Amino acid sequence: MRAPRARARRGRSSRPDRRVDRRDRRRDGGASRPDARGDDGGRLVAGPGRGRRGDHHARASLRGARRTRRAVSGAHAVRSTPSDPAAEGAPRPTVFALHGLGLTGRAFDEVAALLQPDFRLVAIDLPGFGTAASAGAAGVDEMADAVLARIASETVGPWLLLGHSMGGKVASVVTSRVLDGSAHVFGLRGIVLLAPSPVTPEPMADDKREEMLSWLTGPRLDPEHAREFVDDNVGSPWTAAQREEAVELVLDGSTEAWESWLLRGSREDWADAVGALDVPALVLAGEEDGDLGADAQPDLVAPTYPRATVQTLAGAGHLLMLERPAEVADAVRSFWADDASRAPLVPEHLARVIASDHTGARVRGAFAGRAVADDRTAPPRALTEAQLDTLRSVLARVLPADLGGLDLAARLDARLAEGTGDGWRHGDLPDDATAYRLGLDELAPFDGSPEERDALLTHIQEGSYTPRSDGLTARQLSLWFTDLCADAATTWLQHPAALAEIGFDGFATGGDGPRKQGFTRLTLGTREGWEGSPGGPSVVHESQMISREERSWT
């Protein structure tokens with residue numbers, strides 16, 4: 001929410017969008033090693049196995065790097081053409097939209113229409129506004145509770161959060177609860193924020209706060225003050241019809257809710273409770289906005305969203321979804337196509353189990369973090385760029401070809417950097433990170449035909465390979481490569497989509513309360529009623545495997 005102010009900075013060109021930071025930490029390790037056998041394409045197919053629960057989702061730490069990306073200027077949004085989710089057989093993503101102070105969910109009507117048919121937008125009236133005006137005053141905590149209850153009742157398939165101003169602060173609290181597992185929902189893929197209020201106290205001059213508080217003399221704002229609020233929050237004049245439509249939205253909220261936000265909600269400091277949120281994030285900010293505009297947003301969002309990209313909308317003010325619905329819709333489409341969608345899809349039946357009280361919060365939070373797309377702009381932390389590229393090439397020969405966009409090599413690099421492996425190594429090998437560096441350097445550039453690469457890996461596994469350098473001996477290379485195969489399969493099986501593929505939901509052992517439901521139907525081939533129908537095979541079929549004689553690195 002922007003406090004009233006005199007307009008300024010007219011006629012400036014749009015600035016490049018800024019990457020406010022890169023993620024420093026990725027999903028952590030923790031599952032036990034599965035058995036594995038190769039398929040007829042020369043890659044490993046992981047078999048079922050029960051592992052220990054994963055560690056907490058690792059929160060991202062901050063670094064100061066900033067990047068430029070693409071600009072959104074005037075009425076022309078620059079974006080790539082996204083793929084059609086429905087055409088690819090994937091469920092249609094849902095966008096849960098949270099409005100700002102003085103507005104209602106109807107503020108997203110035009111954005112919702114522009115996102116059809118590829119996205120389903122569910123606009124939520126926050127307590128005290130629109131259809132929820134009778135709820136009166138509510139703090140950020142209560143608003144987050146209301147949003148999560150609505151998401152839990154609506155969610156089918158992957159979803160995004162879209163938060164404007166006050167709704168942006170609420171969306172950040174909702175995201176933190178999803179990632180720590182305390183919310184009984186699953187499927188979050190990312191967040192789009194429109195001139196968001198930060199999780200820290202919102203920057204607002206005391207005299208402006210007092211001015212708006214002076215408007216609150218009845219159960220609703222009077223039309224004169226509603227028009228003043230709208231005029232102060234747009235970047236350029238509207239038509240009379242556009243202005244009155246916005247004024248109608250402002251009039252559809254209780255002054256009790258206004259007062260609660262101005263005196264309490266906007267001043268609440270959630271920084272410690274929310275922390276740094278390791279999810280794909282896009283922030284749109286108006287060039288003509290005030291305290292929550294393009295100049296302020298990079299610093300405001302960086303501590304909370306280290307993966308965020310900030311885009312500037314030239315000439316726009318604060319009410320972005322009303323002023324620039326086409327640019328907002330285009331930004332959501334591009335964000336989904338270029339970032340948020342690039343992760344394996346978790347089938348609905350398993351997503352419901354993860355969200356249910358059969359799954360503990362710690363496990364649910366770990367799965368929530370692992371289910372979001374990898375940050376492909378983040379630099380490696382334990383390996384060099386060249387070593388990471390070699391690792392990706394090696395993994396393409398030892399795991400299923402289609403990992404749904406999962407960057408397994410980057411996740412292994414993060415495990416090496418964080419030391420969250422399986423807790424042991426062979427006594428003849430150096431520490432894991434050093435062994436990986438030396439082994440990958442020996443394999444580089446790992447080119448040639450698939451058959452040639454497979455032959456090289458076979459020789460390494462058998463110990464018959466003659467090293468070209470003094471890094472690791474033939475025996476050490478064999479031991480390291482055996483570890484690499486197990487690490488790769490373990491990391492893959494930490495993703496809930498991989499567990500769905502092998503028909504495993506043994507993590508759902510009873511949740512966090514005193515009553516531990518567990519499993520009661522233990523007969524082979526039977527399922528609990530709450531497990532739903534599996535979307536993939538419950539076991540790896542024999543026809544998908546090849547013998548050890550055909551592929552030696554099993």
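**Close-up 1. R120, with a relative accessibility of 24%, counts as partly exposed, the class between buried, which is under 20% relative accessible area, and exposed, which is over 50% (1.4 Å probe, protein chains only).** The model shown here and in the other views is predicted, so that local features need pLDDT of at least 70 and side-chain atom pairs count only at pLDDT 80 or more, while totals for chains, interfaces and linings use all residues. Residues are numbered from 1 along each chain as its sequence is written, and side-chain values use heavy atoms, with hydrogens and water left out. The side chain of R120 meets that of E154 in a salt bridge, at 3.0 Å from N to O; this term means that a side-chain nitrogen of Lys or Arg is within 4 Å of a carboxyl oxygen of Asp or Glu. Because E154 belongs to helix α2 (residues 140-154) and R120 to strand β8 (residues 120-124), the pair ties together parts that are 34 residues apart in sequence. Helices (H or I, at least four residues) and strands (E, at least two) are DSSP runs, numbered from the N terminus. E154, at 22% relative accessibility, is also classed as partly exposed.

**Close-up 2. R392 and D389 form a salt bridge whose closest N and O atoms are 3.3 Å apart.** Both residues lie in helix α14 (residues 385-398), three residues apart, which is about one turn of the helix. R392 has a relative accessibility of 32% and counts as partly exposed, and D389, at 43%, counts as partly exposed.

**Close-up 3. In the salt bridge of R527 with D505, the closest N and O atoms are 3.8 Å apart.** This pair links distant parts of the chain, since R527 and D505, 22 residues apart, are each in the segment after α19 (496-501). R527 is partly exposed at 24% relative accessibility, whereas D505 is buried, with a relative accessible area of 8%.

**Close-up 4. The axes of helix α17 (residues 450-462) and helix α18 (residues 474-493) come within 7 Å and cross at roughly 110 degrees.** The two helices are therefore roughly perpendicular to each other, a class that covers angles of 65 to 115 degrees. The contact, which means heavy atoms within 4.5 Å, is made by L457, I460 and Q461 of α17 together with L477, S478, F481 and T482 of α18. By class, four of these residues are nonpolar, three are polar and none is charged.

Definitions and conventions
Axes are lines fitted to C-alpha atoms, for helices over the stretch in contact, and angles run from 0 to 180 degrees between N-to-C directions. Angles under 35 degrees count as roughly parallel, over 145 as roughly antiparallel, 65 to 115 as roughly perpendicular and the rest as oblique. Ala, Val, Leu, Ile, Met, Phe, Trp, Tyr, Cys and Pro count as nonpolar, Asp, Glu, Lys and Arg as charged, and the others, Gly among them, as polar.
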